[in-house]
Amino acid sequence: MERIIFYVLAVIMIVFAIASVTSRKMLRSVIYLLFVLCGIAGIYFLIDYNFLAAIQLTVYAGGIIVLIIFSVLLVHHIEMELEIAKISKQILTSIACLLGLGLFLTTIYSYEFKVVENTLTTTTSDIGAALLSYGAGGFILPFEVISVLLLAAMIGAIIIAKGKKLTDKKDEIV
Amino acid sequence: MIPGISIYEILTVTSILFFIGLYGFITRKNLISILISIELILNASVINFVVINKYLYPDMLQGVVFSLFIIAVAAAETALAVSIIIGLYRQISSVEVKEIETMKH
């Protein structure tokens, strides 16, 4: 059963990823990306990381996709078609990507992974305890650094997005 | 771990996703499309973190915690990129890569 679900998810993800990078309509390509992200959340559910799947659905599918759709609607006409790269460039790039993919796959398949058979379930409280613990294996410092980074990114985004008015006002004062 | 699925199959899928993202990153000529490709690449690497954590070191949490951090950084990066794109559109009324020269200097 899990095999079938995994293969269906893999096919959905790959097909919609290709559609997302080749579609000529901007909004459609964003919606295809949404399907890919939902497929990734499905994989997290399959390997029993429910918390991570919920994060993926809320932050990516709920937040980032909406943000990108906003920017598309602010910047483009909906019916506008994107210009595509030259055919020669497309072919060259796809050959290079296929070569790189072949290199990756030969490296992966020639390495002997020491897989540990397990059916452990990670609960949300485990992740929370690991994030907030001071001892060995704790992540309190990166957790705080990420919170400061998010605050800085928020302030930076606000200032960049309405930068002109702010600087004008400053000039008047000076 | 997923019953009946080996780590090789999952790593194959994530490698394919990564290179699709790379293809889009190189061939697209629009800033928002490039942002979408970056999201694909980041997501492929996040699945790798999680899967290797689950299959090779199931009693640890490092992979999960790092993927949380990657998701947070990706969200911050997207917010900044969108604000830059909107500011750029206000100045030069375009988001095509070849017309963006005002930020060079």
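**Helix packing and the contact between chains**

Reply: Helix 1 of chain B and helix 2 of chain B are roughly antiparallel to each other, because angles over 145 degrees count as roughly antiparallel and those under 35 as roughly parallel (65 to 115 is roughly perpendicular, the rest oblique). The model is predicted: local features need pLDDT of at least 70 and side-chain atom pairs count only at pLDDT 80 or more, while totals for chains, interfaces and linings use all residues. Residues are numbered from 1 along each chain as its sequence is written, and chains are lettered from A and ligands numbered from 1 in the order in which they are written.

The axes of helix 1 (residues 7-27) and helix 2 (residues 31-56) of chain B cross at roughly 165 degrees and come within 8 Å. Axes are lines fitted to C-alpha atoms, for helices over the stretch in contact, with angles from 0 to 180 degrees between N-to-C directions; helices are DSSP runs of H or I with at least four residues, numbered from the N terminus. The residues of this helix 1 and helix 2 contact in chain B comprise 17 nonpolar, seven polar and no charged. Here Ala, Val, Leu, Ile, Met, Phe, Trp, Tyr, Cys and Pro count as nonpolar, Asp, Glu, Lys and Arg as charged, and the others, Gly among them, as polar.

Between the chains, 60 residues from chain B and 69 residues from chain A take part in the contact, where contact requires C-beta atoms, placed from the backbone, within 7 Å. On the side of chain B that touches chain A, helix 3 (62-92) of chain B gives the largest share, 19 residues. That side of chain B has 42 nonpolar, 13 polar and five charged residues.

Helix 3 of chain B also pairs with helix 6 (residues 140-161) of chain A: their axes come within 9 Å and cross at roughly 10 degrees, which makes the two roughly parallel.

Leaving aside neighbours within four places in sequence, Val36(A) is in contact with Met13(A), Phe16(A), Ala17(A), Ser20(A) and Leu40(B).

Terms used:
Contact = placed C-beta atoms within 7 Å.
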